[in-house]
Amino acid sequence: MKKKLAVISTACLLILASDPIPSYATPDSSPDALDQPTDVDTNEDVKAIFDSLYQEGYSLGEEDGYGEKKFEQFDQTTGLDKSSEEFTWFMMGYTVGYKKGQQQKEEELKTEQENEMSAGEAEGYQQGVLDYKHATIQSDVESFPSKSPDWNKGYVQGYQKAISLMDLSVKAKKEGYQQGLENDSMSVPSMYDEEDVTRQAFTEGFETGQAEVLDQQKKQFEKQGYVQGYHDLSLEVPPEAEGELQTAFEQGYEKGQKQKQKDIKAQGYDSAFTYQTYRAPKSLQDKPQLEKWYKAGFYSNKDVKPLQQKAYKDGWKLGKEMNVPKKYKQHKAAVAMYKKYFEQGQKKQDKTVSHILLGSGIVLTLVALVTLWKLLRRRKNEDATLDS
């Protein structure tokens, strides 16, 4: 018995020290090669025994390998009921099963570590983006004692990756913007094309540059259209002005037309302060549309007579200084008219005062003569009384 246990122990050590056996080989069924039981006569019976012993060892080995505890399922009686040949088959299965269980355990641990790192990296990345936007970047990335070492490792990697990508995104956006100012088509450099964040930043910069170029072009064409419309020329859109540029040109033309109409009406309105009756300027006599606007402005002026009357009354009042109403101070023609009628009022005032003074002088002279005559007569009467 002791001899058999020694053989079994030696066999276990030799098998476990060897490379794992990827598959088993069916044992040779010849009587010379096998120390098999007497009741086994055929190859099929031998193979069945081999399969049973191999599978039994494989199951035990897989469980011990997963738990990383060799011979956990063995005791002092293991193998005593088997011949040396049968025990060899059993140990072949155990060895392969042990390696398989060990490998499964390692893969599960590896997957768990990867999941932990991935979760930590995702959270660290989000925090890094937020800190970058708020200018609160951490020089020493915080750790979380409640999390696993693998999670914390992933968190640091994700945080640092976010900061690097955000730095690169700023650069990408600037270069994209410059490219947008200089080119009509976008070409993303390879260093920015590898990550969605940097590619998007470059694209945004390019689109911003393109929008500024388009905005400048629209302003130029709108200005050209304005000049054309203000000078009352026929609408002629330049051939290079297409799409939004054509729209900008036409809008400028319309604005120019409206401003011209406004200015012509204002001229007609001002002319009403100068002329009593309507007269069309010679410069507009061959431009019926402009002359129509001018005439409308002239007749829209309902302030002429009220302002004339006020100016005249202000001038007629004694001691009143000329003071053009605030509403008309920006209209030169209105100011000139006010001054004209104010002076007429002053002249009327001077004439009235002269008449009053003249009349007052005659009355005073008569009163003085009568008073003198009465005084002389009284004195004469007094002298006559004294003589008598």
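A: Lys147 lies over the face of Trp151, at 5.0 Å from the ring centre. A charge counts as sitting over a ring if NZ of Lys or CZ of Arg is within 6 Å of the ring centre and within 35 degrees of the ring normal. The model is predicted, so local features need pLDDT of at least 70 and side-chain atom pairs count only at pLDDT 80 or more, while totals for chains, interfaces and linings use all residues. Residues are numbered from 1 along each chain as its sequence is written, and side-chain values use heavy atoms, leaving out hydrogens and water.

The ring of Trp151 also pairs with that of Tyr155: their centres are 5.4 Å apart and their planes stand at 20 degrees, so the pair is stacked. Rings of Phe, Tyr and Trp (its six-membered ring) pair if their centres lie within 6.5 Å; planes under 30 degrees apart count as stacked, over 60 as edge-to-face and the rest as tilted. Trp151 and Tyr155 are four residues apart in helix 4, and are therefore separated by about one helical turn. Helices (H or I, at least four residues) and strands (E, at least two) are DSSP runs, numbered from the N terminus. Trp151 and Tyr155 are both buried, where buried means under 20% relative accessible area, exposed over 50%, and partly exposed in between (1.4 Å probe, protein chains only).

Asn152 belongs to helix 4 as well, which covers residues 149–182. Asn152 is buried because its relative accessible area is 14%. Setting aside residues up to four places away in sequence, Asn152 touches Ser143, Phe144 and Lys147; contact means heavy atoms within 4.5 Å.
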